[in-house]
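Biologist: I am new to this structure. Please show it to me, and then I will ask about the terms used for it.

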Amino acid sequence: MANNQTTQYLLPPAGDIINTDHHHHHHHPLSSSSLQPSPFSHYQCHGLWYTAVLSIPAVLFVLYLGFHLKKNIKKLRHRRSHVMITYYVLLWFSATLNLAWCSLQVWQCVPGKELSYNLLSLLTALGTLCLEISLVAFLLQESYASGLEALAHTFIISGLIVGADILLKTICVFGFNVPLFMDGATIHRGKWGLWTIDTLLLTCTYGYILFVHYSTWRDKLPPRPAFYNYVVVMFVMTGIALFGCGLAAIGVGFGHWLYSFVVICYHTLYLPFVYITFLADFFQEEDLLLDNAYYSEMKDAGFFDSDLE
């Protein structure tokens, strides 16, 4: 009796059924069970290649950080830079969450995992956005080389911005059921509207920094070429993402593809880009100074006199 009732709900309207008889009703319970979604069948929602493209760079970067962890901790203890310690910890936090997010893309397609996937996506966005905003806020301060006071001021500003952003996304996802992180939702207006506003604000921020850099107020910005290379790259990436969101919002399929491409680039390349731009020199500087000291000692001892002759 229960099977027959289930069958009636699964069948299309009577006007759309051709040659339906009592014999077919006996076979529909079996076909309805085959229509029930399973976690294994949903694994093909993105495919193994998509998960691999996201996961492999994330795994390699975490392994790289782990390989240099002991040496980097020694340098952080020796140099006692509160700024670098904070950003190194934040980088590890973001890299770990990013690895989990990249590896668990299947969750958005498995029934019952939507809540877990949305929470993981929000935490991952919290980590990377906090790193991104705090870096810009800290480098825009005139007292770039100062310690705890500038760091505290930076995280107050970035914390307010990131907190408001994550709170808005949380309300949209759990309060209004906006599929913000679900790749399968390609035509939801609310989703693309929110992403358009989000990327617009970031694009305007990086655009403003570039405008100040090429204006008469450039002296207020830190004299670091690597910082401006970072800003240029992020301005281009957020501009492309903004263009993709705008196209997706009006129903153009290419916009969804373009935005997805930017998301892949962001989750695979952003954290290594931050490490190379802001942290790698700090960890290598002591080695370079030590090498220069050895070179000077060897030069004073006459090891290179034969080369001059």
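Modeller: What follows is a set of questions about those terms, each answered from its definition.

Modeller: This is a predicted model, in which local features need pLDDT of at least 70, side-chain atom pairs count only at pLDDT 80 or more, and totals for chains, interfaces and linings use all residues. Residues are numbered from 1 along each chain as its sequence is written, and side-chain values use heavy atoms, with hydrogens and water left out.

Biologist: What does the secondary structure of the chain come to?

Modeller: Eleven helices and zero strands. Helices (H or I, at least four residues) and strands (E, at least two) are DSSP runs, numbered from the N terminus. From that end on, the elements run α-α-α-α-α-α-α-α-α-α-α.

Biologist: How do you know that the length of helix H7 agrees with its number of residues?

Modeller: The expected span of a helix is 1.5 Å times one less than its number of residues. Helix H7 (residues 148-175) has 28 residues and should span 40 Å; its end C-alpha atoms are 38 Å apart, so the two agree.

Biologist: Why is Ser121 called buried?

Modeller: Buried means under 20% relative accessible area, exposed over 50%, and partly exposed in between (1.4 Å probe, protein chains only). Ser121 has 3% relative accessibility, so Ser121 counts as buried. Ser121 belongs to helix H6 (residues 114-139).

Biologist: What does Ser121 touch, leaving out residues up to four places away in sequence?

Modeller: Trp101 and Phe181. Contact means heavy atoms within 4.5 Å. Trp101 is one of the buried residues of H5. The side chain of Ser121 also reaches the backbone oxygen of Tyr117, at 2.8 Å.

Biologist: How much of the chain is buried?

Modeller: Buried residues make up 39% of its 309 residues. In H7 they include Thr154, Ser158, Asp165 and Lys169.

Biologist: What makes Lys169 and Asp165 a salt bridge?

Modeller: A salt bridge is a side-chain nitrogen of Lys or Arg within 4 Å of a carboxyl oxygen of Asp or Glu. Side chains of opposite charge can pair when their charged atoms come close. For Lys169 and Asp165 the N to O distance is 3.0 Å, so by the 4 Å limit the pair is a salt bridge. Both residues lie in H7, four residues apart, about one turn of the helix.

Biologist: Which other residue forms a salt bridge with Lys169?

Modeller: Asp198, with the closest N and O atoms 3.8 Å apart. Lys169 lies in H7 and Asp198 in helix H8 (residues 189-213), so this pair ties together parts that are 29 residues apart in sequence. Salt bridges that share partners join Asp165, Lys169 and Asp198 into one network. The structure holds two salt bridges.

Biologist: Are Lys169 and Asp198 buried or exposed?

Modeller: Lys169 has a relative accessible area of 4%, so Lys169 is buried. Asp198 has 13%, so Asp198 is buried too.

Biologist: Which residue with a positive phi follows H7?

Modeller: Asn177, with a phi near 55°. Asn177 is in the loop between H7 and H8. Its relative accessible area is 61%, so Asn177 is exposed.

Biologist: Why is Val252 called partly exposed?

Modeller: Its relative accessible area is 34%, so Val252 falls in that class. Val252 is placed in the loop between helix H9 (225-249) and H10.

Biologist: Which residues form a nonpolar patch on the surface together with Val252?

Modeller: Phe243, Ile250, Phe254, Trp257 and Phe261. Patches are made of residues with over 30% relative accessible area and no salt bridge: like charges are joined within 9 Å, nonpolar side chains (Val, Leu, Ile, Met, Phe, Trp, Tyr) within 5 Å. The patch has about 660 Å² of accessible area together, and accessible areas come from the Shrake-Rupley method with a 1.4 Å probe, where for residues only the protein chains shown count as cover. Helix H10 (residues 253-300) gives the largest share of the patch, three residues.

Notes: A polar contact is a pair of N or O atoms within 3.5 Å; within protein, one must be able to donate a hydrogen and the other to accept it, and residues adjacent in sequence count only if both atoms are side-chain atoms.
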